[in-house]
Amino acid sequence: MDIFSKPKFFTNNTKGENAELLVELNSEYRDRRKDAVKRVIANMTVGKDVSGLFPQVVKNMQTEDLEMKKLVYLYLMNYAKSNPDLVILAVNTFVKDTDHVNPLIRALAIRTMGCIRVDKILDHLCEPLRKCLQDDNPYVRKTAALCVAKLWDLDQERAIDNGFVTTLQDLVSDSTPMVVANAVIALAEMQESSVNKDVFVVNVAIMNKMLAALNECNEWGQIAILTSLAEYQPLDSKEAESVCERVVPRLQHANGSVVLSAIRVLMIFLRYLRNDEFTNGLIKKMSPPLVSLLASAPEVQYVSLRNINLILQKRPDILQNDVRVFFCKYNDPPYVKREKLEIIIRLCNDKNVDQILSELKEYASEVDVDFVRRAIRAIGRCAIIIEEASERCVNVLLDLINTKINYVVQEAIIVIKDIFRKYPQRYEAIIPTLCQNLDSLDEPEAKGSLIWIVGEYAERIENADELIENFLETFLEENSQVQLQLLTATVKLFLKKPSQSQEIVHRVLQTATQEIDNPDTRDRAYVYWRLLSTDPQAAKAVVLSEKPPISVDSSADKLSPGLLDELINNISTLASVYHKPASTFMGNKAFSADAVRKAAVADARDEEQIMGEDTVTSPTAPAASAPKNVMADLLDLDFGSSEPVSTPVMSPPTSNSKSGPNYSADLFDMSSDMSSGGSDAFGGMGGMSGMSGVGGLNIGFQQSQSQSQNQNTATSGSSNAFGDLAGFGGFGQQPSAATASQQTQQQKPTQSSTVNDLLDLF
């Protein structure tokens, strides 16, 4: 041994696992080769790359061991795409296996050839597939039927030219129900992707053949046949009754999907029935299967409940006596409880409302806050749906308010607001109880609801101004929803109690126009100010007008009739679970790996083309044009326009005291030509130039002399009724000629600076 030789620290004499498998796959002993194939499949299952062993694995196809052949075929299906040139090595074995005496091997060979999605294999697939479609064994025929659908997905013209579609249509008349079911599955899938939609059209003959095979099929076959039957349109009521009678036994199936598929067919065929007695009997038979579905696992319950929700919207008389079945259990998942609660409301009527209210009151004491809120809202929906039970619902809500639980009280106030809208002037006696919980409100919706109640019934609340003042202390920090409600409630309070709320309305409008950044709140304040200054009677007619009561279904997510019919046609599918049409979450074609890959390549090509065009055109484009176009698009609200839009220039209007009202005055030049007119009912509120912080905001519209006299005459009687706002920050002080001239001179630079500020934002 040479002591001066360098040590080999980084040498690895051990071979890799794939090298060991390679040796085992070439072993002369069959057992060792079989164990090696099993190890290859195990490595493939856990995600290891064993594609390098493709030739050695393919050599082991020629064996009489069925287990080993299955393993090799599984390997081929997984790695055929990564080795398309080597797949040809297995073609001879595939063709030979399709002539094997064992039907299992024949079916396995044709199934594997259909699953290998390589173009080179298609040339060798047609002849074996034709033989298998006419095979004596039904197991081989049913496997070959599905293989036709796979061939159709790869090459439709080849499937049509070789007569496979016609042969598949003939298999619907096969004597074996299992073959009929697979033929229906394949034809239905091909129908979806066909251009002319003529591959599988259900007629009377096909319908009778499918019904004959329905009872003998397995679960998947029954679902496929029932799905195809749902597409059939009966010729008359008698034929519809005949189909329903033959489908009704499927309601007793143990599989929930079969039950829902049968109910789908019955719900569709109910449209064609004319015999009321038969219809009522059919509806009674549909109730027990739906109830039985609720004894399944929570996930199955959820799917069933979503479908039951649709069925009840279409046929409310189903399950009308089974409301207790939908009462929530303590161990139900939250998603199941929510769906049960929705169905309980749909089943609510004057006979079971007391029972339902008692149950909902119990739900309001649960620990799940979200479920408690939903239960309280359900009580309000009961009051809106059933007028006779509204008083009992209000009493239940008052009991919940007395619990003093924060989120319970707030949700109850929100619900009571809706009850007031539905039944105005009926339950005002409970308003003092609601006002006692003012300090416990911290959610915008609850605050907004109580503010709406105070404003709507201000004339019946003695300390309404104090309540509004309490909310106004945090006006600037409130949510926009609360700010909007406070604005409206303050104006209502002023119109109903002008002597007590002059200072309040002045302060609110001033704060909203000066210190609020939210455009919705600020614009509403401007609208109220202009409305009050122009015509108090019009303001009263607009703000205090009678609102229509909310409809019965305004608080429920009831679907439109057209959408409901479409979802009924898709019962037991994802569309019935999402309550959305399939087109909203599914593409027109299957999202296969090939389709995704081709779409990605096409998108990359388009992106490169667009980038190339931009590179060519960018040197000739002026550098300053981009910001200008962006600004023009933003102002024009047309983000897709490629043409530049000129930026509008805001020029001050020309003063003309003899013209009529300038209703087109912009918020930037509201002071122009508005100070001379206005209503005297508010003590000259038309000239607001003296109000601190709102200089030049004169909202009084100019009128001609005759119109001004008529208006003053008409509104003189209402001047005392609404009080005078003079003395509050300049209200009612008409500007002098010098002041008006100075404001007119200052208006132009103000407008220009405003436009510049807008441009600077971008």
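Select helices H15 (residues 237-247) and H16 (residues 256-269) to begin. Their axes come within 10 Å and cross at roughly 160°, so the two helices are roughly antiparallel to each other. The axes here are lines fitted to C-alpha atoms, for helices over the stretch in contact, with angles running from 0 to 180 degrees between N-to-C directions. Angles over 145 degrees count as roughly antiparallel, under 35 as roughly parallel, 65 to 115 as roughly perpendicular, and the rest as oblique. Helices are DSSP runs of H or I with at least four residues, strands are E runs of at least two, and numbering starts at the N terminus.

A quick word on what you're looking at: this is a predicted model, where local features need pLDDT of at least 70 and side-chain atom pairs count only at pLDDT 80 or more, while totals for chains, interfaces and linings use all residues. Residues are numbered from 1 along each chain as its sequence is written, and side-chain values use heavy atoms, with hydrogens and water left out.

Now show side chains on that pair. From H15, Ala240, Val243, Cys244 and Val247 meet Ala262, Val265, Leu266 and Phe269 of H16, contact meaning heavy atoms within 4.5 Å. By class, the contact has eight nonpolar residues, no polar ones and no charged ones. (Nonpolar covers Ala, Val, Leu, Ile, Met, Phe, Trp, Tyr, Cys and Pro; charged covers Asp, Glu, Lys and Arg; the others, Gly among them, are polar.)

Next, pick leucine 273, in the loop between H16 and helix H17 (276-292). Is leucine 273 buried or exposed? At 7% relative accessibility, leucine 273 counts as buried; the cut-offs are under 20% relative accessible area for buried, over 50% for exposed and partly exposed in between, with a 1.4 Å probe and protein chains only. Leaving aside residues up to four places away in sequence, leucine 273 touches Ser237, Ala240, Glu241, Phe278, Thr279 and Leu282.

What angle do H6 and H9 pack at? About 5°, with their axes 9 Å apart, which makes H6 roughly parallel to H9. On the H6 side, the contact is made by Pro103, Leu104, Arg106, Ala107, Ile110, Arg111, Gly114 and Cys115, and on the H9 side by Tyr139, Val140, Thr143, Cys147 and Lys150. By class, that comes to eight nonpolar, two polar and three charged residues.

Two loop stops remain. Lysine 197, between helix H12 (177-193) and helix H13 (204-214), has a positive phi of about 55° although it is not a glycine. Lysine 197 counts as partly exposed at 41% relative accessibility. Serine 572, between helix H31 (561-568) and helix H32 (574-578), has a positive phi too, near 75°. At 25% relative accessibility, serine 572 counts as partly exposed.

Finally, zoom out: the protein chain has 36 helices and zero strands, and 46% of its 762 residues count as buried.
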